[in-house]
Amino acid sequence: MTATATTNAGIANALTSGRLPAWVPWGLLAGSWAASGAVFALMAAATGTEFSLVLAIFVGTILFDVLIFVVAYLVEGIRQAKNRLVTSLVATAFIIALLPLVSLLGTVLVNGLARFDLTYFTYSMRNVVGEGGGALHAIIGTLEMTGMAALISIPVGLLTAIYLVEYGTGPLARAITFFVDVMTGIPSIVAGLFAFAFFALLTGDPGIRFGFGGSVALSLLMVPVVVRSSEEMLKLVPNELREAAYALGVPKWLTILKVVIPTSIAGITTGITLAIARVIGETAPLLIIAGYTTNMNYDLFSDRMMSLPVFVYNQFAQPGTDAQPYLDRAWAGALTLILIVMALNLAARLIARIFSPKLGR
Amino acid sequence: MTTATPSPRAKLRPADRIFSGATVVAGSLILAALAAVAVFLLAQSIPAFVVDPAEIKGSPATFWDYVAPVAFGTVWSAALALLLALPLSLGIALFISHFAPRRIAQGLGYIIDLLAAVPSVVFGLWGIKILAPAVVPLYTWLVENLGWFPLFTPPVSGTGRTILTVAIVLAVMIIPIITAICREVFLQTPVLHEEAALALGATRWEMIQMAVLPFGRPGIISAAMLGLGRALGETMVVAMVLSPAFLISFVLTGSQNSPTIAGNIALNFPEAYGVNVNALIATGLILFIITLVINSIARFVINRRKAFSGAN
């Protein structure tokens, strides 16, 4: 449009006159960022403080929001100006949300690499004061407790999803749907307190700490996620497949096992992987019921058990006289956690992409 | 056709019975688990309600004096977080659903979802080591220039470990939740409504005002409530970042902040003994009830909307 308008110079084009050319917002944005960057660089040079890119981008974006409104108001009128202001504001909101993400990932990567070494993955913290030591005991604990939580949650969650999609109609199904939704909002620390209260009453030990309790607490958080994602996936299976199976005389339970589940297995696996990713970073419930220790513990059913998130918290919260080695270990733990969660998320997306059945003809 | 009764019902096989029975048991187990949470928390809290409150840490006059500061801190921090997160989330959701180019919109959604994937303990570490020192100059400025305003009463915190810092981190953590739901709701707006508005000459913002926001209002409300529920129960960030004191204080930038229920439990539970354990569990029960009520209302609003919206 702009090209036509400029080639037919002299002839007023009703469609493009009184409009800003398409490059103007981008130019203004680049200009604002450059200006704010220059000002902050000068200020940093003048006062000798460190140049903050995050702050420069933030202020530059705000400057752009003001500029685009003024320019658009002058050229295009108030309605277009409002539209452009809102457009730039929603983009600003997105950029503001990106800033903590970038800052967080950057610092975790930079600080975490200091202790991201072989010792870290092959040693526990037994008898370690100051430097050295590692998180092997925490990684083993996390894997065991999350694995056990998955063992509990997957059958329960999947069967419940099957009930909701294939069998459930009455008030029971409605109640389950509602309370599963409500359960997704249970604070994780309440799940830990529940596991503690339950096992303390059951065993009569008022200071009980053990790994299996952590698994129970985690599964309380994991089940609703598994149910919701599996339910969505089972609903996607076309009814024709079920009807075809019934028409061949296949009983309902075999239809579900041999037709419905294989069709939706990719989506279900994706959902389960994401559910595992959600609980593997949980700290609060494990702090309550699994406690913390510096020793290796392979037994879920006795004694305190360390987990990676609690390890990060513990290294931060109870440093020795020289805090730096403890902080380094905490950052390395944070990096490990993020890598695990990212790997799980990536795996989930890959599973969904590769193994999903080709329903189209 | 020699049999006289052509039964339309399928024959019930034992395996069918077992399988459907198993699914019912699994579903009921979830309801039982939720009920068990309430029952066992209540059972373990009762000692805290009946015991002489002098035995509880800090020797409060009554048990409710012990609860009041943490309950206030919980609600105050979550409300601040929601106040910060809601406008941003609405903007992001609108950006992804209606402003960003279609081709990259889904990728942008994934990026926001990445925020939800970061474990809370990592957010806590980031909040205390990066964000808290970074906001100290801002707080100093606020207190020096706006100190007359009750929210910024001096003295300023020297570490940045205040309730406002906590609220900022909490806001970052609940943005993905609110955004995800708002995005879904905005995408469900009937396309005909949007096109009608555009055809009448509305700008994109006017179209959103006329078609998208009124349609999405219940969804926005329940998304905000779900975010609030998450912020109320968030533990590690509060435990790591906040510098708590047992009092009720609205001040955003001071070093004396009301603790939150979850943060208080995480800080004190590992070393607690005797009736203090029961007192902490009792505050946990209160947190459970608050979040349960808020989530129930939010889900009720969403579900009602699903049935009557006419979009599906």
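## Terms and conventions

Two residues are in contact if their C-beta atoms, placed from the backbone, lie within 7 Å. Among contacts in chain A between residues at least 6 apart in sequence, 72% join residues at least 24 apart. In chain B, residues 24 or more positions apart account for 79% of the contacts with a separation of 6 or more.

This is a predicted model, in which local features need pLDDT of at least 70 and side-chain atom pairs count only at pLDDT 80 or more, while totals for chains, interfaces and linings use all residues. Residues are numbered from 1 along each chain as its sequence is written, and chains are lettered from A and ligands numbered from 1 in the order in which they are written.

## Confidence

The model scores ipTM 0.87 and pTM 0.88. pLDDT is the predictor's confidence in each residue, from 0 to 100. Chain A has a mean pLDDT of 87, and 94% of its residues reach 70 or more.

For chain B the mean pLDDT is 86, with 94% of its residues at 70 or more. Among its elements, helix H10 (residues 275–308) of chain B has the lowest mean pLDDT (83), and helix H6 (residues 191–199) of chain B has the highest (92). Over residues 307–312 of chain B, pLDDT stays under 50, and the model has two contacts beyond four places in sequence for them. Where pLDDT is low, the predicted coordinates should not be read in detail.

## Overall form of chain A

Helices (H or I, at least four residues) and strands (E, at least two) are DSSP runs, numbered from the N terminus. Chain A has 14 helices and zero strands. The radius of gyration is taken over C-alpha atoms, and the globule rule is 2.2 Å times the number of residues to the power 0.38. Along its principal axes, the C-alpha trace of chain A spans about 85 × 75 × 35 Å.

A residue is buried if 20 or more other C-beta atoms lie within 10 Å of its own, exposed if 12 or fewer, and partly exposed in between, with C-beta atoms placed from the backbone. Of the 361 residues in chain A, 45% are buried.

## Helix H3 of chain A

Helix H3 (residues 53–76) of chain A has 24 residues, which at 1.5 Å a residue should span 34 Å; its end C-alpha atoms are 33 Å apart, which agrees. The expected span is 1.5 Å times one less than the number of residues in the helix.

The buried residues of H3(A) are A:Ala56, A:Ile57, A:Gly60, A:Thr61, A:Phe64, A:Asp65, A:Ile68 and A:Ala72. These residues pack against helix H2 (23–47) and helix H4 (78–112) of chain A. After H3(A) comes A:Gly77, with a positive phi near 100°.

A:Ile340 lies in helix H14 (residues 323–355) of chain A. A:Ile340 is buried, because 20 other C-beta atoms lie within 10 Å. Its C-alpha atom is separated by 34 Å from that of A:Glu166, 174 residues apart along the chain.

A:Asp205 is found in the loop between helix H8 (188–203) and helix H9 (211–236) of chain A. With 11 other C-beta atoms within 10 Å, A:Asp205 is exposed. The C-alpha atoms of A:Asp205 and A:Arg242 are 51 Å apart, and the two residues are 37 residues apart along the chain.

## Chain B and its side towards chain A

Chain B has ten helices and zero strands. Its radius of gyration is 25 Å, well over the 20 Å that the globule rule gives for 312 residues, so chain B is more spread out than a compact globule. The C-alpha atoms of chain B fill a box of roughly 90 × 60 × 30 Å along the principal axes. Of its 312 residues, 48% count as buried. B:Trp148, in the loop between helix H4 (120–146) and helix H5 (163–187) of chain B, is exposed, with 8 other C-beta atoms within 10 Å.

Between the chains, 69 residues of chain B are in contact with 72 residues of chain A. Helix H1 (residues 14–50) of chain B gives the most to the side that touches chain A, with 20 residues. By class, that side of chain B has 50 nonpolar, 14 polar and five charged residues. Here Ala, Val, Leu, Ile, Met, Phe, Trp, Tyr, Cys and Pro count as nonpolar, Asp, Glu, Lys and Arg as charged, and the others, Gly among them, as polar.
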